[in-house]
Amino acid sequence: SDHRVIAIDLLGYGGSDKPDSDYSMETQAKLVAEVLAQLDVSAAVLVGHSMGGKVVTSVAEQSPELVSGVVILDSGPDNSKGGVSGSAKAARTPMLGQALWRLSPDFMVRRNLAQGFAPDFNVPDKFIENVRAMTYSAFVESGREGEDYTERESLPDRLARVGKPLLVIFGAEDQLFEARDSISAYAAIPGVKTQLITGSGHSPQVEAPAETAESILAFTYGLASARASDVARARARAREQA
């Protein structure tokens with residue numbers, strides 16, 4: 001209620017276009033920056049989940065003037081900390097993957113999606129519907145491009161160089177990435193704030209929405225307070241000089 005919140009369907013997801021190629025994190029970030037510019041948004045706190053964490057990192061790299069802070073939700077710091085397994089991984093294999101994508105029944109899609117949550121979490125039906133609405137190209141190419149992005153340079157290294165205020169949240173029961181090892185990788189970034197949400201898996205914004213929102217709100221209020229203090233100090237210096 002206290003913030004303007006903009007939710008963007010990334011290229012290949014939701015209601016956005018689903019072309020056959022060009023799913024690089026840089027392209028995704030460029031499109032996000034164009035949306036923010038079109039909506040006259042500046043100094044935004046960018047929140048990205050999983051692959052979205054890579055996208056918002058790339059936005060901060062390419063368009064730092066649009067970013068006041070970054071929130072990363074369960075984005076693996078690099079390609080060594082985990083990833084999808086089983087038939088979800090097999091789905092990226094040429095020929096076999098296309099067959100699996102077309103023929104997989106709902107129970108198999110649900111089983112693969114379960115990796116994105118804590119064990120025994122009941123995967124909502126809408127996530128199966130979202131997968132069905134995707135194209136095979138969007139699924140495969142966005143995954144490959146995301147891995148290529150962190151293969152070239154890890155997220156902690158990129159975010160440390162960008163130097164924006166940073167909050168990193170992981171679900172303690174993340175089944176895709178080892179949460180504590182991942183948090184440790186980010187912990188070396190100067191000034192970073194980190195949080196483990198107990199009882200949550202890879203998607204705390206779905207599994208523990210109130211706690212996740214509370215953490216993000218506290219982060220944004222902290223940024224606003226810091227900006228207000230900076231403005232007050234600048235005005236005080238101006239008065240002294242006058």
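## Terms and basis of the model

A residue is called buried when its relative accessible area is under 20%, exposed when that area is over 50%, and partly exposed in between, with a 1.4 Å probe and protein chains only as cover. By this rule Arg 158, with a relative accessible area of 5%, is buried.

The model is predicted, so that local features need pLDDT of at least 70 and side-chain atom pairs count only at pLDDT 80 or more, while totals for chains, interfaces and linings use all residues. Residues are numbered from 1 along each chain as its sequence is written, and side-chain values use heavy atoms, with hydrogens and water left out.

## Parallel strands and their crossovers

Helices (H or I, at least four residues) and strands (E, at least two) are DSSP runs numbered from the N terminus, and two strands are said to pair if DSSP finds at least two bridges between them. Strand β1 (44-49) pairs with β2 in the parallel sense over 6 bridges, and Gly 48 stands opposite Ile 72 in β2. The chain passes from β1 through helix α2 (residues 51-62) to β2 in a right-handed β-α-β crossover; right-handed here means that, with the strands pointing away from the viewer, the path from the first strand over the helix to the second runs clockwise.

Strand β2 (residues 67-73) is mostly covered, with 7 of its 7 residues buried. It also pairs with β3 in the parallel sense, over 4 bridges, and the partner of Ile 72 in β3 is Val 168. Strand β3 (residues 166-171) is in turn joined by 5 bridges to the parallel strand β4 (residues 193-197), where Ile 197 stands opposite Gly 171. A right-handed β-α-β unit is made by β3, helix α9 (residues 179-187) and β4.

## Aromatic pairs

Rings of Phe, Tyr and Trp (its six-membered ring) pair if their centres lie within 6.5 Å, and the planes count as stacked when under 30 degrees apart, edge-to-face when over 60 and tilted for the rest. The count under this rule is 3 aromatic pairs. The ring centres of Phe 117 and Phe 127 are 5.4 Å apart and their planes stand at 80°, so this pair is edge-to-face. Phe 117 lies in the loop between α5 (106-113) and α6 (125-133), and Phe 127 in helix α6, 10 residues apart.

Phe 117 is buried, at a relative accessible area of 2%. A tilted pair is formed by Phe 170 and Tyr 186, with 6.4 Å from centre to centre and 45° between the planes; Phe 170 belongs to strand β3 and Tyr 186 to helix α9, 16 residues apart. Both Phe 170 and Tyr 186 are buried.

## Salt bridges

A salt bridge is counted when a side-chain nitrogen of Lys or Arg is within 4 Å of a carboxyl oxygen of Asp or Glu, and the structure holds 9 of them. Arg 152 and Glu 26 meet at 3.2 Å, N to O; Arg 152 lies in helix α7 (residues 136-152) and Glu 26 in helix α1, so the pair ties together parts that are 126 residues apart in sequence. Arg 152 is partly exposed at 48% relative accessible area, and Glu 26 is partly exposed at 25%.

Glu 61 forms a salt bridge with Arg 158, their closest N and O atoms being 3.1 Å apart, and this pair links helix α2 to helix α8 (residues 155-162) across 97 residues. Glu 61 counts as partly exposed at 24% relative accessibility.
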